[in-house]
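Subject: Handing over a structure, with notes

Dear colleague,

I am passing on a structure for you to look through, and below it you will find my notes on what turned up. Please keep it open beside the text as you read.

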Amino acid sequence: MKEERQAQDKVFTYLITYKATAPNSRFAYGDGACSSDEKGLIKTEHNTRSTAHTRAFNRAVSNLVGGGEVSY
């Protein structure tokens, strides 16, 4: 898992990478990003970071199980 925070002016962005591993040792990566200036988002550090983590986790699991569409 990797986490990176980028900031420019008053806007900050989180870039997250997850690795999901199945019991049979197969694995898949998923990445997610969220910016503090996204429409509809309450602009707190926690909300921005947790949204990026959720997106990355969902993509990693979806890639591992062969899902076609991500949740967001």
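Among contacts in the protein between residues at least 6 apart in sequence, 41% join residues at least 24 apart, where contact means heavy atoms within 4.5 Å. Before going further, please note that this is a predicted model, in which local features need pLDDT of at least 70 and side-chain atom pairs count only at pLDDT 80 or more, whereas totals for chains, interfaces and linings use all residues. Residues are numbered from 1 along each chain as its sequence is written, and side-chain values use heavy atoms, with hydrogens and water left out.

The overall layout

The secondary structure comes to one helix and three strands (helices, H or I with at least four residues, and strands, E with at least two, are DSSP runs numbered from the N terminus), and along the sequence these follow the pattern β-β-β-α. The C-alpha trace spans about 45 × 20 × 15 Å along its principal axes. The accessible surface comes to about 5,200 Å², of which 51% belongs to carbon and sulfur atoms; accessible areas come from the Shrake-Rupley method with a 1.4 Å probe, and for residues only the protein chains shown count as cover. Of the 72 residues in the protein, 28% are buried, a word that stands for under 20% relative accessible area, while exposed stands for over 50% and partly exposed for what lies in between (1.4 Å probe, protein chains only).

The strands

β1 and β2 pair in the antiparallel sense over seven bridges, and β2 and β3, which also run antiparallel, are joined by nine bridges; two strands count as paired if DSSP finds at least two bridges between them. Y14 in β2 stands opposite R5, and Y14 also stands opposite C34 in β3, while I16 has G32 in β3 opposite. The hairpin of β1 and β2 has two residues between the strands, and in this hairpin D9 takes a positive phi near 55°. In the hairpin of β2 and β3, which has five residues between the strands, the residue with a positive phi, near 80°, is S25.

The helix and the core

Helix α1 has 21 residues and reaches 31 Å from its first C-alpha to its last, close to the 30 Å expected at 1.5 Å a residue (the expected span is 1.5 Å times one less than the number of residues). After α1 comes G66, whose phi is positive, near 80°. The buried residues of α1 are T48, A52, H53, R55, A56, A60 and S62, and what covers them includes β1 (2-8), β2 (11-21) and β3 (27-35). An α-helix has 3.6 residues a turn, so residues three or four places apart point the same way.

The largest nonpolar core has 10 residues, namely F12, Y14, I16, Y18, A20, C34, L41, A52, A56 and A60; such a core is a set of buried Ala, Val, Leu, Ile, Met, Phe, Trp, Tyr and Cys residues joined through side-chain atoms within 4.5 Å. β2 and α1 each supply at least two residues of this core, and β2 gives the most, with five residues. I16, leaving aside its neighbours within four places in sequence, is in contact with K2, E3, G30, D31, G32, A52, H53 and A56.

T48 sits in helix α1 (residues 45-65) and is buried, with a relative accessible area of 0%. Beyond its neighbours within four places in sequence, T48 is in contact with F12, Y14, C34, S35, S36 and L41. A polar atom of the T48 side chain also lies 3.0 Å from the backbone oxygen of T44.

S36 lies in the loop between β3 and α1 and is buried, with a relative accessible area of 5%.

K43 has its place in the loop between β3 and α1, but K43 is exposed, with a relative accessible area of 56%.

With best wishes

Methods:
Polar contact = N/O pair within 3.5 Å; in protein donor to acceptor, adjacent residues only side chain to side chain.
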